[in-house]
Amino acid sequence: MAPDKSQFRYEPAPPIPTYDEAIASGAGSHTVFEAPHSPLDATDHTEGHSLLGGTASSSSTNDRTRPPRGYQPPTVETDDEGESWGSSDDDSDSEADHVRREMQEMEIDDSSHRPQSIWGKSIGRFSLPRWKWGWRLPQISLPRFRRHDANASLESATTPAANDNTNNSRNEEQPSSGSRFAFPTFGSTALFLLVGRLLALFLLLGFVYLIFVSDVFGNMSRRLGSGMFNPNDIRQYLESNISSNQIKDNLQHFTSYSHLAGTEGDYALMEDIELLFRKYGLEDVSRDTYHVYLNYPKADGRAVEIIDDKADNGKGKAIWSAKLEENDRASGLTGHQTWAFHGHSKTGDVRGRLIYANYGSREDFQRIKDLGIQTAGAIALVRYYGPHADRALKVKAAELAGFAGCLIYSDPLDDGFKKGDTAPKGPFMPADGVQRGSVSLMSWVVGDVLTPGWGSRENMPRMKKEQTKGLVKIPSLPLAWRDAKVLLQHLKGKGHRVPEDWVGGVPDVEEWWTGDHENSPIVRLKNDQDENEKQAIWNVYGSILGIEQEEKKVIIGNHRDAWTLGAADPHSGTAIMLELARVFGELLRMGWRPLRTIQFMSWDAEEYNLIGSTEFVEQNDDMLRKDALAYINLDTAVTGNTLHVAGSPVFKGLLMQILDIVRDPYENATLKELWERRNANDLEGLGAGSDYVAFQDIVGTSSIDLHFDGKGHPYHSSYDTFEWMEQVGDPDFVHHTMLGQVVALLLYELTDRPVLPFDMPHYAEKIRDWTGEIVRWVEDQAKNAKKDVVPKELTASLNSMIKASDEVMEAVRRFVAWEHEWQSSVIASGGWEPSGWGRRRCEFNSKMAWFETDLLDPEGIPNRTQFKHVLFGPQLWSGYDEAYFPSIRDTVDSGDWGLANRTIAKVANIIKQAAANLAEGTLGG
């Protein structure tokens, strides 16, 4: 007959007695609390009773009922409470109780009700193995060591078994001085269970040890972190989820107010980016504060005037004043339009004769001197661009030529209506457009000019402004050609007619003259400004931590500060970087992680002198030399439709693979096809134009800079607005999207390929090519200086350079062979990385990255010691342009042939040592 339903009710456990209740009846009296029995015990099922080893009489009407599959809250009793290891009475009942308790405590594995993992967005189909472990570790009760009196032991040997417990209790309560430890006796069943459990424990421990020794967890973490995600699905996800609308919205917000470095607008934008990093799920989001030298214009502190030189001995009143400022374009924006000025310019109020000097190169000023025109105390008028595109070098050249001040204007022949349509309807500078910018000497001193070589924390020592080589010593201001036209017209008939290549495109200037020190108009240049030697600036960082080598980093950076609204420079890059942070944050939420860490960095004060990025590098130089694998720079990312990429040769192979994937919808071709159509066979060189400088040239982190260029854009002017980008620069934000796709894939491949995808053979080839070029150049310079004779010692040094490049070729050939060994081992293991090979692979990746670091000269370039890379660096007198082997070029240009010879020999030895480090030993197991 089926058991009554009332038997299946849950009954509470018996109450737990207090301490007083437990001892109330004396030491020999015990209240026994039995564990509840199954309700099936009350039924007369012989098979059930024989299974449990009991008899019908073992059940009583007072037994508490319990459902067969219920959960019974545990009580204070243990499996062996009230039970002695040496007790042998009623073995069958003890064994039955033991088995019954284990059956009641078994856990039920109901996998059908487990919650399923549902991805918010699908990337292919991924399934993790479901481990259904239904077993439990056996409960192991350790034997109790009991102390027995010697006499009691003898007595127990002759006492009936019925008195065993009483004697044992008495002996435990009244131990004699002769007590000793004795192991309990074991029944055959208990001994069997003990041995079995110990054996199971040892097997389990051995299995765990085997797992850790064989590096299974390391391989499993890589599989769960990235391997469980199909790489092709990840690539497709990155390509398809870069949103042009999101990029457009970002750009519109970032260009809604001015944000010069260190100002309230800059701080507000910093907070916006920090909040977005957190919103997108980036990890370790933080801000990093430095205190640096910055200057700001005063509302009435700037003036350019033509003075009545016939009154008061040249100190008369102004007969004309330049407007200086652009037409107001701040309608609908927060705050006022940024005033026109030069960052890091010299404070001063000077007057002098006006002299026109073309592009303001050293050669141009030499030509002025050759014409017999005295320049001491004069005011130079020069135009942007030309051989010295860096405006700071124009001012410095004027200073060295003896001028008291310098004015720089945008000529329409170089950047204006002579080139095409002007802003806001075209890419070129309008009549009132003013190109702001810094005149600190970034190719001489980079970063905070008062703390060259160390991070500019607030309490760190700093130089005086008069001591630094990074600041010019004469005041300067930028001008629109609208204002320059009046100055040029006043030079007519004074000095000398300029040569044809000096004639610009300013309209209504009938004749172009140089002016001179006697007849030119007297011009006043006033530049009164606010200066702060400890102005706070703020970098913002966010990360996605790697699962295999968390300490190894691939960094992507963009500067946040702008001279005006900065739609193209820098926020086309800012908008793309933040879109990448959003997309990679989505992947992170889905469970993906890269093998190596991705760091997103928003730099401050780049426009002044690459300050934010340089201070970070100088503050963390040791860490970066050891752990930074690559740096990706986004600055003026989109101004047109032609892709330009500058960087270390290690990126060439990977870049070509990516460009072969991303398509241009306008041209119906891949970016690689478009790249090849314009014969862009290689990456361009890195100069000193953006935040990659400190990474590549100071700590030797392989760097790359990517951007789509057009015919031009209203550079550093108030016309660089969201409306200009929407109507002229990239109307549908297609090129923003394409560049986002390229950089997203670049980030993914650099951080998640097991073997770092550096093109080492191409780097070796470029070193060989550059070596041949520098050797020929030095020989030509030596022949010109030494009357067609190259000194023997110089020839020996140049030969060592050639030998060094050959050693790099051989070292790289041997080095890259290891990757083929690794691939073969993985294939032979069915796609799994064998034990020990993961460590060797990580060593291989580190050696690849350290090759760039090994090309650093700890002493730096002579007289420019911040720059330490022997291959890359800015030219001394052309900051924006690259210079391969900059230290050799500097010393040869200086005419110090002894120093040049020593520098060549030193560079050759550094290259040889880098090759030796790459080939040193083998990646042993």
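The model is predicted, so local features need pLDDT of at least 70 and side-chain atom pairs count only at pLDDT 80 or more, while totals for chains, interfaces and linings use all residues. Residues are numbered from 1 along each chain as its sequence is written, and side-chain values use heavy atoms, leaving out hydrogens and water.

How many disulfides does a search of the whole structure find? The search finds zero, taking a disulfide as a pair of cysteine sulfur atoms within 2.5 Å.

## The chain as a whole

The protein chain has 925 residues, and 51% of them count as buried. Its accessible surface comes to about 42800 Å², with 51% belonging to carbon and sulfur atoms; such areas come from the Shrake-Rupley method with a 1.4 Å probe, and for residues only the protein chains shown count as cover.

Take the contacts (heavy atoms within 4.5 Å) between residues at least 6 apart in sequence: 80% of these join residues at least 24 apart.

## Helices and strands

The secondary structure comes to 28 helices and 20 strands. These are DSSP runs numbered from the N terminus: helices (H or I) have at least four residues and strands (E) at least two.

Now look at strand E6 (residues 348–356), which runs antiparallel to E11 (residues 522–544) and is joined to it by six bridges. Two strands pair if DSSP finds at least two bridges between them. Gly352 has Val523 as its bridge partner in E11. E6 also pairs with E7 (residues 379–383), in the parallel sense, over three bridges, and there Tyr356 stands opposite Leu381.

## Nonpolar cores

A nonpolar core is a set of buried Ala, Val, Leu, Ile, Met, Phe, Trp, Tyr and Cys residues joined through side-chain atoms within 4.5 Å. The largest has 128 residues, and Phe584 and Phe600 have the most contacts inside it. A second, separate core of 52 residues includes Leu381 and Trp502.

Note on methods: Buried < 20%, exposed > 50% of the residue type's maximum accessible area, 1.4 Å probe, protein only.
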